[in-house]
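Could you walk me through this structure in my viewer, one selection at a time? I would like to know what to pick next and what I will find there.

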Number of protein chains: 2
Amino acid sequence: MLPTMADVQAAAVRIQPWIHRTPVMTSISLDALSGAQLWFKCENLQKAGAFKARGATNAVLQLSPEAAARGVATHSSGNHGAALALAASRRGIPSYVVMPENASEVKRRAVLNYGGKVITCAPNLASREETLAQVLQETGAVFIPPYNHPHVIAGQGTAALELLEEVPELDVVIAPVGGGGLLSGTALVVHSLRPAAQTWGAEPALANDAFLSLQNGRIMPVQSTQTIADGLRSSLGEMTFAMIQQYVPKVLTVSEEDIIRAMRLLWERMKIVVEPSGALPLAAVLTHPEEVKGRRLGLILSGGNVDLDHLPWVTK
Amino acid sequence: MLPTMADVQAAAVRIQPWIHRTPVMTSISLDALSGAQLWFKCENLQKAGAFKARGATNAVLQLSPEAAARGVATHSSGNHGAALALAASRRGIPSYVVMPENASEVKRRAVLNYGGKVITCAPNLASREETLAQVLQETGAVFIPPYNHPHVIAGQGTAALELLEEVPELDVVIAPVGGGGLLSGTALVVHSLRPAAQTWGAEPALANDAFLSLQNGRIMPVQSTQTIADGLRSSLGEMTFAMIQQYVPKVLTVSEEDIIRAMRLLWERMKIVVEPSGALPLAAVLTHPEEVKGRRLGLILSGGNVDLDHLPWVTK
């Protein structure tokens with residue numbers, strides 16, 4: 001069953017003691033550059049460095065004591081794994097994260113630091129599913145998927161709820177779209193609280209499956225995982241697609257070059273560390289000026305987990 | 001005349017419409033690493049990227065209309081020049097910043113972006129003073145020095161005022177020390193509002209003139225400008241030294257390696273961009289654990305202006 005606005009509101013109360021209420025920042029210089037008025041919801045400053053802490057915490061807190069005792073499991077090469085490990089450790093239960101053997105050391109360490117167990121699989125879908133099935137069978141843990149789950153989606157929606165509480169009169173809210181958990185939760189909230197506003201997705205042109213799915217009226221799996229925005233390499237799920245179809249009129253796509261430029265601008269002008277996936281909304285604004293001119297936009301900066309040794313613009 | 005606490009309080013009211021009230025952030029992981037409780041006052045998120053906006057704005061706003069009309073001038077190779085240009089542009093008056101010809105392009109552009117005029121001098125004291133004198137004579141502008149001025153010091157103290165309003169029960173507040181404007185203003189505020197707390201300076205071992213000045217009871221000029229902390233290469237002024245002698249019992253020094261490590265930790269764990277000078281307080285905490293264990297510390301992250309093309313830890 002798809003999550004409702006009431007689910008998001010309940011999630012906000014439930015997770016409040018466990019997550020940060022992240023700041024909403026503005027930048028005169030980025031306003032000038034974009035020709036619009038921008039409010040940045042800084043989920044890069046969220047616990048574990050991404051909005052994923054919201055959905056994972058909401059899902060873990062809704063498990064019955066009996067189910068929780070057996071622990072939680074997921075597959076992730078990124079932020080959801082760390083967020084789930086953190087949420088599980090706060091509840092005092094075990095967590096198991098299936099990660100491909102080529103996952104970055106930084107992401108592996110994040111899971112381990114939060115007390116999660118990492119189970120390595122081969123970097124393909126078959127191995128991932130097989131390994132996860134085995135973990136679930138051996139441990140009895142509950143599978144918490146990264147996005148296609150009503151508790152996860154409701155949790156992700158709480159970021160937009162906070163944003164609209166602080167800046168009610170927005171014309172558009174833009175969120176990056178990978179699997180669609182953040183975008184669908186955001187769109188549900190914006191549609192419910194401010195029907196006059198729209199929610200748009202921002203997506204790498206190299207992984208434009210959400211754009212194509214909307215166009216074709218069915219889920220189009222992502223064809224390439226080459227984008228630098230490593231949080232946005234997933235295809236939509238059935239729930240997230242249904243919600244995006246209903247509430248999201250537009251997905252803007254951007255080039256790799258524009259993602260890197262936007263990321264760097266956020267670091268330079270706003271003095272915050274944003275990962276490539278988190279820079280998508282600003283990249284969309286800067287490369288589609290005709291869509292945003294003179295409007296009031298909320299941009300969700302989804303995360304800040306970057307390998308500081310390998311920055312895309314550093315050449316010397 | 002030295003500034004008083006009343007001057008700081010008046011400054012806070014005067015500059016409030018023109019500056020950011022910057023957030024105070026915390027980090028569980030840096031608390032664990034330090035063995036102390038840390039509150040970070042994020043002046044890297046201040047307008048123009050540094051606390052300098054406070055003092056420059058306070059000084060510019062106190063000029064009489066007649067004096068202001070002729071403009072303001074200063075010498076600076078860094079953040080004070082940009083802050084003064086910004087403050088002047090807000091008041092609609094001209095600003096002149098004398099910069100050495102080897103100043104970084106990033107810093108030059110910052111002054112120009114805020115509408116300041118840049119006057120280039122040779123990179124030595126004699127040329128700087130001569131060039132500034134000429135500018136003052138030709139324009140009639142008012143000289144606003146980077147730190148040794150009561151209005152500037154009172155303005156810088158407003159950061160600590162905000163910090164103590166939010167976190168009153170601190171044991172120690174640590175600020176970086178270059179010319180001493182931030183440290184002396186901070187110490188005045190902490191001494192006045194929370195006499196039980198101490199204010200400490202944090203200084204590069206390579207530019208330990210404040211440490212030596214306190215030890216010797218007189219201003220010892222800085223001997224080397226080799227530290228990566230480019231905001232901390234100045235010697236103390238008479239006013240800032242008098243106040244530091246009175247209110248600051250301790251200056252902790254740190255190595256270049258420790259500055260870079262602390263800077264990187266701030267980026268990685270807190271997802272914020274902090275310049276080398278701004279990382280000094282955390283570097284001091286991490287390298288002097290015996291001084292801080294179990295205590296409640298306020299750390300002033302003074303600025304976030306970094307050349308993103310040249311990061312000290314990036315080697316590939």
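Start with chain A and its contacts between residues at least 6 apart in sequence: in this predicted model, 74% of those contacts join residues at least 24 apart. A:His288 itself belongs to the loop between α13 (280-287) and α14 (289-292) of chain A.

**Chain A as a whole**

Along its principal axes, the C-alpha trace spans about 55 × 50 × 40 Å. Of the 316 residues of chain A, 55% count as buried.

**The two domains of chain A**

Next, colour chain A by domain. Domain 1 is made of 5-49 + 149-301, and domain 2 of 53-143. Their centres, taken over C-alpha atoms, are 24 Å apart. Where the two domains of chain A meet, 21 residues of domain 1 are in contact with 15 residues of domain 2. On the domain 1 side, α1 (5-15) and α8 (150-166) of chain A each supply at least two residues. Select α8(A) here, as it gives the largest share of that side, eight residues. By class, the domain 1 side has nine nonpolar, nine polar and three charged residues.

While you are in chain A, pick A:Ala48, in the loop between β2 (37-42) and α3 (52-61) of chain A. What is its phi? It is near 60 degrees, a positive value in a residue other than glycine. Most residues other than glycine have a negative phi. A:Ala48 counts as buried, because it has 26 C-beta neighbours inside 10 Å.

**Across to chain B**

Show both chains and look at where they touch. The contact takes 16 residues from chain A and 16 residues from chain B. On the chain A side, these residues divide into nine nonpolar, three polar and four charged.

**The six-stranded sheet of chain B**

Six of them form an open sheet of mixed pairing, in the order β1-β2-β10-β7-β8-β9. Which strands of chain B stand at the edges? They are β1 (24-25) and β9 (250-254), each with a single partner strand, so one side of each is left without a neighbour in the sheet.

Select β7(B), residues 172-176. Five of its five residues are buried. B:Val172, B:Ile174 and B:Pro176 lie on one side, with B:Val173 and B:Ala175 on the other, and both faces are covered. β7(B) pairs with β8(B) in the parallel sense over five bridges, and the bridge partner of B:Pro176 in β8(B) is B:Ala202.

Step on to β8(B), residues 198-204, which runs parallel to β9(B) and is joined to it by five bridges. One place to look is B:Gly201, whose bridge partner in β9(B) is B:Val251.

**Another strand pair in chain B**

Now select β3 (residues 72-75) of chain B. B:Val72 and B:Thr74 point one way, B:Ala73 and B:His75 the other way, and all are buried. Four bridges join β3(B) to β4 (residues 95-100) of chain B, and the two run parallel. From B:His75, look across to its bridge partner in β4(B), B:Val98.

**Last stop**

Finish at B:Lys271, in the loop between α12 (256-270) and α13 (280-287) of chain B. B:Lys271 has a positive phi of about 60 degrees although it is not a glycine. Is B:Lys271 buried or exposed? With 26 other C-beta atoms within 10 Å, B:Lys271 is buried.

How values were computed. Residues are numbered from 1 along each chain as its sequence is written. Chains are lettered from A and ligands numbered from 1 in the order in which they are written. This is a predicted model: local features need pLDDT of at least 70, side-chain atom pairs count only at pLDDT 80 or more; totals for chains, interfaces and linings use all residues. Two residues are in contact if their C-beta atoms, placed from the backbone, lie within 7 Å. Ala, Val, Leu, Ile, Met, Phe, Trp, Tyr, Cys and Pro count as nonpolar, Asp, Glu, Lys and Arg as charged, and the others, Gly among them, as polar. A residue is buried if 20 or more other C-beta atoms lie within 10 Å of its own, exposed if 12 or fewer, and partly exposed in between; C-beta atoms are placed from the backbone. Two strands pair if DSSP finds at least two bridges between them. Axes are lines fitted to C-alpha atoms, for helices over the stretch in contact, and angles run from 0 to 180 degrees between N-to-C directions. Domain bounds come from an automatic or database domain assignment.
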